[in-house]
Amino acid sequence: MRGDCEFRAVRLPGGRPVAEVLRGFAADRAVVCLRGNWVGGGDLIASEPVAVHCGGDDPLAPMHEQPRAVASASSSAASASASASAQSRGVGGGWFAVLGYPSGGGGSGVSDERLPTGRGSLVGGSLTGGASDEQPGADVRWQTWLGFYDHLLRWDRVDRTWWFESLWTPERDAELARRQEELTARLTDSAPRWNCRGNYRAGLFTAADATSHLQTVERCISHIRAGDLFQVNAAQRLEADFTGSTIDLFADVSEQLQPARAAYADTGSSVLAGFSPELFLHRRGRTVTTSPIKGTRPRVGVADEHEADVLRGSAKDAAENVMIVDLMRNDLGRVGLPGSVRAPSLLDIEPHPGVWHLVSTVTAELPDEVDDADLLAATFPPGSVTGAPKSSAMRIIDRYEPGGRQAFSGAVGFSSPVYGAEFAVTIRSFQIADDRVGLWVGGGITVDSVPIEEWRECLTKASPLL
């Protein structure tokens, strides 16, 4: 994917809602959709990638092959009526990715005798290797799916406008013209396919009983008291039978919940339908931002500010959050310019579907030679869903959790030569394959954790989706 391409953006007619437009992509190959606060407030829909990459010895290697986007007279003419703010949110295309959690990643923080390495995981490819405490994730091969798209639809929530955006090259001119015509027709089509709501069914969700999760939490607390680590994220999987349209499921739930960073990705063998509140990485220019979430209280109605006050006064939740802030500062410090890592905000209270969360922000400046693959290699998997130290927490996760996490607690998002990069943490996410749907939920365990409260936090997080 090296070489030059031209970023072109064309305003399309019609203002059909995103959920309805997405349903019209059901027959397309490798559909991805990002909804919510992506790219400064907008939604992206893409399909029919020009290249797909799964797994391999270096699963992020394709991201090094990003084309160089240049402006052109034709793209300027096509976008003459666009506002400067709308153009600044252009994406055009790039690598869209699902990065699965690297089950089996261990480290030197806890002895192999006490914490044996665990199983493999799923979203395609193979998994080997381990990570050291000095460089978490450096040698871990995580499960990946990458698709390169040279065109997409973008809904700009500010201007309430649909855009056809492309990374134009001469050899793709005819196909991009055809796709623009096809997608324009979809935006103005009034066929019944736009109204196929509820075309899916899930059975009764089941999980390990409460006792099993309470025992896992107790074991995690024992390791913390023994000095093996400071914090670990413990999760469990809920599962049910599933039939019907995964696109309809995603369209309905994202429309109802309005999460900060919803993401849909059909990899062919499995589907991710995610409704995450958490930003993992946002890179614009050479500035990168991460906003880890740790700390949760339920939202119980319109007048539930008292729950936010409880969260604001919780020493346990504050400690949990600050530990992960320190971890993310360390991760960004691996690739950031010396002295550039900052934490501009700490312990902000934010409302999300069904919950209040504590959210902090860490930023850094990247040197020119660091690309998005390098950035992900230094920071993945997200610290908020592993623990501190990261590799010690990953060993405990592998030992005590029931089965590999698969896509859960990995990342989903894109790397674009036009916009930059943006990835969400894959929490609050359905994973659908082989007529089964899975939902992982969990929380951070510290020395002050109360097992039954950790169980209730899992139920609180799952409730809006179920």
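Trainee: Which residues line the second largest cavity?
Mentor: Its lining is made up of Leu 257, Pro 259, Phe 275, Ser 276, Pro 277, His 352, Pro 353, Arg 428, Lys 461, Pro 464 and Leu 465. A cavity here is a set of points on a 1 Å grid over the protein atoms alone where a 1.4 Å probe fits but cannot get out, and lining residues have an atom within 4 Å of a point.

Trainee: And what should I know about the model itself?
Mentor: It is a predicted model, where local features need pLDDT of at least 70, side-chain atom pairs count only at pLDDT 80 or more, and totals for chains, interfaces and linings use all residues. Residues are numbered from 1 along each chain as its sequence is written, and side-chain values use heavy atoms, with hydrogens and water left out.

Trainee: What volume does the second largest cavity have?
Mentor: About 70 Å³, where a volume is the space filled by probe spheres set on the points, and grid points are joined across faces, edges and corners.

Trainee: How many cavities are there in the whole structure?
Mentor: The search finds 6 of 30 Å³ or more. The largest cavity has a volume of about 160 Å³. It has 20 lining residues, and the closest to its centre are Asn 233, Ile 427, Arg 428, Gly 442 and Lys 461.

Trainee: Switching to open spaces: how much space lies in the largest pocket?
Mentor: About 300 Å³. A pocket is an open set with protein on both sides within 12 Å along at least five of seven lines. Of the 15 residues lining the largest pocket, Thr 296, Arg 297, Asp 317, Glu 453 and Glu 457 lie nearest its centre. Two or more lining residues come from each of S16, helix H8 (315–333) and H11, with H11 giving the largest share, 5 residues.

Trainee: How does the pocket lining divide by class?
Mentor: There are 3 nonpolar, 4 polar and 8 charged residues. Ala, Val, Leu, Ile, Met, Phe, Trp, Tyr, Cys and Pro count as nonpolar, Asp, Glu, Lys and Arg as charged, and the others, Gly among them, as polar.

Technical notes. Helices (H or I, at least four residues) and strands (E, at least two) are DSSP runs, numbered from the N terminus.
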